[in-house]
Amino acid sequence: MTPSKALPALILLPLAFPVTAAGGQTESSTLEPIVVTATLGPLTAGESLSSVTVIDEESIRQKNPSDFSELLRGQPGINVTGNGSFGKTTSVYTRGTANDSTLFLVDGVRLRSATSGGPSWQYFPAELVERVEIVRGAKSSLYGSDAVGGVIQAFTLDPEETPAGWVEVGAGNFNTQKGSAGVAASAGNTRFSLSGLHKETDGTAVITDGEDRGFRNSAGIGRIVHELDSGGEASLVVVQSEGNTEYEGGDIDFMLRTIGFGLETPVSEYWRQSLQFSESRDETDNTTPTYSSTFDTRSRAARWDNTFTWNVHELVVGTELMNDEVGGTTDYAETSRTNLALYSQLRLNFGPTDLMLSIRGDDNEAYGKNETGSIALGHAFDRSHRVRVSYGTAFRAPTFNDLYFPGANPDLKAEESETVEVGFSGHYQHWFWDTAVFQLDVDNLIAWAPMPSGLWTPMNVNEARIRGVELSAGFERDGWRGDAALTLLDPENRETGNRLQRRSGKTLRLDLSKQVGAWDFGGTVVAEGYRYNDASNNDRLSGFATLDLRAGWRFAQDWSTRLTVANVLDKEYSTARYSRSQGLDYIAAGRTAMLTVRYDFQ
């Protein structure tokens with residue numbers, strides 16, 4: 001069934017569930033998660049009028065992922081591809097948009113490479129994350145450039161119980177070892193925490209019949225939070241990840257760092273303001289037998305939000321100043337650019353009906369002005385059932401490679417998009433479901449194309465139409481917990497009629513776990529349909545399915561151990577091709593096992 005054929009049936013889906021008049025309910029509703037990424041302030045997932053997936057700390061701890069992308073694979077609207085396992089180049093496609101059309105935030109700080117445009121997902125340590133919010137849909141009216149397909153935000157460890165700490169060590173096949181530790185304490189109105197991680201592995205082959213390619217990573221987080229007597233708080237968070245990864249033909253030394261200082265203060269009973277000053281760095285040194293290169297990105301931002309509330313309504317007005325700088329061995333025509341933005345969000349509540357309006361204007365000295373906006377309307381039929389409808393515009397800025405790399409095009413325009421979405425959801429005492437149907441149209445797609453001279457240069461040449469359906473459901477009862485996600489996607493290049501490259505049209509994810517006394521058991525199935533490695537759709541990569549299993553045991557007070565086995569059936573699969581002419585694929589690791597022992601103390 002194609003997304004367009006599925007649309008009428010899914011619009012009727014809520015009629016299959018009992019709905020009472022507004023104010024009544026069929027079952028006691030569970031508390032929806034509070035999210036902060038979908039809007040300019042904390043709201044429940046339903047009140048945000050957005051398609052949101054939350055991966056909480058319990059789920060992350062049980063899965064014990066070795067790579068951040070393991071948490072994202074198969075989630076609603078998400079496609080993940082990689083050039084091998086263990087720290088190799090990874091791309092995340094949200095609702096069929098490009099890797100650099102998904103905004104990645106770490107504790108509210110934007111993290112990406114200004115040269116390539118996309119985040120370095122493969123270098124971000126999943127072991128130091130306690131929560132992930134995946135927001136799908138156009139969000140440029142809140143965040144500016146790159147939030148075309150959506151926004152993914154990782155929240156790093158922030159222990160609330162102080163003093164507390166942990167030590168964990170682990171080992172697995174492919175000569176993999178890792179260790180992590182953390183400690184938190186408080187003094188008066190101030191709390192602080194430190195945590196760190198080191199892991200290394202000999203890795204596996206990244207191409208067919210290739211040699212093993214290793215990975216080494218050290219990461220740490222430092223956090224200080226001070227609660228002010230006025231009711232606000234000041235905070236400083238530093239996250240750094242560095243190491244080395246080997247690939248076919250060379251190796252890369254990398255470093256990621258985010259620094260964020262935040263200040264939240266109440267001005268009056270109806271007015272709160274927040275300030276954020278941040279810096280992020282993405283630095284790589286690439287070495288091969290024939291050449292070496294360095295690419296360094298530094299992004300700085302200052303953001304000021306003012307939140308005004310009256311009764312149940314809310315208005316947010318803010319401004320943001322961003323500056324990107326690049327350096328290294330490449331002689332870019334320009335090495336910096338500045339962006340100034342003004343934005344506003346208005347939330348109105350009329351009993352069971354919510355209305356959300358947002359608008360933002362960006363003025364970038366490199367590629368000009370962009371205005372984006374969105375409108376969303378939601379209605380709660382009762383405490384369990386809700387419908388939402390939204391329309392939003394977004395844009396993706398040309399990268400430094402697009403504009404200023406030797407042979408690039410300084411006259412490029414930003415990619416622009418429009419998204420329309422209809423969603424239905426139900427939340428009950430022990431389970432929930434959510435359905436979203438959307439269409440996303442992108443104009444001025446940036447693609448590298450040949451010139452009459454034979455040289456390749458980036459141009460605004462393509463248009464894309466992406467239609468999709470996202471289904472998700474979950475339950476939690478009597479020690480059982482389950483989640484399911486199905487995505488049907490039709491990502492079409494309107495110029496050629498071909499599917500956009502490396503996007504799968506169908507993805508399925510099933511997670512199931514069971515708590516039995518001091519034991520917990522779980523498993524994950526991820527299935528993905530075929531995709532094309534090239535834009536002309538001549539190079540097809542087969543679909544696949546994988547099974548992961550895990551078990552944990554609290555064998556003594558404060559002590560626990562966990563065994564995870566990924567790709568239990570040792571399935572060989574590829575999401576990208578190294579060389580079609582040579583018949584070589586980028587291959588994912590086979591069966592991967594990890595055993596860890598952890599000690600928690602207070």
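**Close-up views of a predicted model**

Ring pairs join Trp519, Phe521, Trp553, Phe555, Trp559, Tyr599 and Phe601 into a cluster. The model is predicted, with local features requiring pLDDT of at least 70 and side-chain atom pairs pLDDT 80 or more, whereas totals for chains, interfaces and linings use all residues. Residue numbers run from 1 along each chain as its sequence is written, and side-chain values use heavy atoms, without hydrogens and water.

View A. Rings of Phe, Tyr and Trp (its six-membered ring) pair if their centres lie within 6.5 Å; planes under 30 degrees apart count as stacked, over 60 as edge-to-face and the rest as tilted. By this rule there are 23 aromatic pairs. Tyr599 is partly exposed at 29% relative accessible area, and Phe601 is partly exposed at 30%. Buried denotes under 20% relative accessible area, exposed over 50%, and partly exposed the range in between (1.4 Å probe, protein chains only).

**View B. A nonpolar surface patch of about 1,000 Å².** The patch is made by Val167, Val169, Val183, Leu194, Val516, Trp519, Phe521, Trp553, Phe555, Trp559, Val597 and Phe601. Two or more residues come from each of β10 (164-172), β28 (519-528), β31 (544-556) and β35 (592-601). Val167 lies in strand β10 and is partly exposed, with a relative accessible area of 40%. Patches consist of residues with over 30% relative accessible area and no salt bridge, like charges being joined within 9 Å and nonpolar side chains (Val, Leu, Ile, Met, Phe, Trp, Tyr) within 5 Å. A salt bridge is a side-chain nitrogen of Lys or Arg within 4 Å of a carboxyl oxygen of Asp or Glu. Accessible areas come from the Shrake-Rupley method with a 1.4 Å probe; for residues, only the protein chains shown count as cover. Strands (E, at least two residues) and helices (H or I, at least four) are DSSP runs numbered from the N terminus.

**View C. Arginine charges over the rings of Phe438 and Tyr530.** Arg95 lies over the face of Phe438, 4.1 Å from the ring centre. The charged end of Arg540 is placed over the ring of Tyr530, at 3.7 Å from its centre. A charge sits over a ring if NZ of Lys or CZ of Arg is within 6 Å of the ring centre and within 35 degrees of the ring normal.

**View D. An open sheet of 5 strands with mixed pairing.** The strand order is β3-β8-β9-β6-β7, and the edge strands β3 (51-55) and β7 (109-110) each pair on one side only. Two strands pair if DSSP finds at least two bridges between them. Strands β6 (residues 102-106) and β9 (residues 150-156) are parallel and share 5 bridges; Thr102 has Gly150 of β9 as its bridge partner.

**View E. Antiparallel pairing of β19 with β18 and with β20.** Strand β18 (residues 313-328) is joined to β19 (residues 336-350) by 12 bridges, with Thr319 opposite Leu342. Strand β20 (residues 353-364) also pairs with β19 over 12 bridges, and Leu340 stands opposite Asp363. The hairpin of β19 and β20 has 2 residues between the strands, and its Gly351 takes a positive phi near 65°.

**View F. Positive phi at Asp209 and Asn567.** Asp209, not a glycine, has a phi of about 60°; this residue is in the loop between β12 (190-205) and β13 (212-227) and is exposed at 78% relative accessibility. Asn567 has a phi near 50° and lies in the loop between β32 (559-566) and β33 (576-579). Asn567 is buried, at 5% relative accessible area.
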